[in-house]
Amino acid sequence: PSEAVAPYLRATELDGESGALRFNLALALARIGRWQEAHRQAAAAVELTPDSSEAQRLKAQIEAHLHR
């Protein structure tokens, strides 16, 4: 699973303004338990794509996990 993170990290270095890339990176990070990093990326995804209900939902799910 951690192999999935590297391509997204590289892609966000090239295009840090892509909400979709940030969303996918957040999802990949959450799947491997890197919750703080996942939250930062999900927050960026929401900021870049405020109309994305998927990004908002992912951010909320990560926050719920962090506040357990």
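Visitor: How do you know that the length of helix α3 agrees with its 14 residues?

Guide: Happy to show you! This is a predicted model, and in it α3 covers residues 35–48. At 1.5 Å a residue, α3 should span 20 Å, and its end C-alpha atoms are 20 Å apart, so the two values agree.

Visitor: Which residues of α3 are called buried, and what makes them so?

Guide: They are Ala38, Gln41, Ala42, Ala44, Ala45 and Val46. Buried means a relative accessible area under 20%, so each of these residues falls below that cut-off. They pack against α2 (19–31) and α4 (53–66).

Visitor: What residues meet where α2 contacts α3?

Guide: From α2, they include Phe23, Leu25 and Leu29, while Trp35, Ala38 and Leu48 are among those from α3. By class, the residues of this contact are 11 nonpolar, two polar and two charged.

Visitor: And what makes α2 roughly parallel to α4?

Guide: Here the axes cross at roughly 30° and come within 11 Å. Since angles under 35 degrees count as roughly parallel, that is the word for α2 and α4. This crossing is left-handed.

Visitor: Which residues of α2 and α4 meet?

Guide: Phe23, Ala26, Leu27 and Ala30 in α2 meet Glu54, Ala55, Leu58 and Ile62 in α4. That contact has seven nonpolar residues, no polar ones and one charged.

Key: Residues are numbered from 1 along each chain as its sequence is written. This is a predicted model: local features need pLDDT of at least 70, side-chain atom pairs count only at pLDDT 80 or more; totals for chains, interfaces and linings use all residues. Side-chain values use heavy atoms; hydrogens and water are left out. Helices (H or I, at least four residues) and strands (E, at least two) are DSSP runs, numbered from the N terminus. The expected span of a helix is 1.5 Å times one less than its number of residues. Buried means under 20% relative accessible area, exposed over 50%, partly exposed in between (1.4 Å probe, protein chains only). Contact means heavy atoms within 4.5 Å. Ala, Val, Leu, Ile, Met, Phe, Trp, Tyr, Cys and Pro count as nonpolar, Asp, Glu, Lys and Arg as charged, and the others, Gly among them, as polar. Axes are lines fitted to C-alpha atoms, for helices over the stretch in contact, and angles run from 0 to 180 degrees between N-to-C directions. Angles under 35 degrees count as roughly parallel, over 145 as roughly antiparallel, 65 to 115 as roughly perpendicular and the rest as oblique. A crossing is left-handed if the near helix is turned anticlockwise from the far one by less than a right angle, and right-handed if clockwise.
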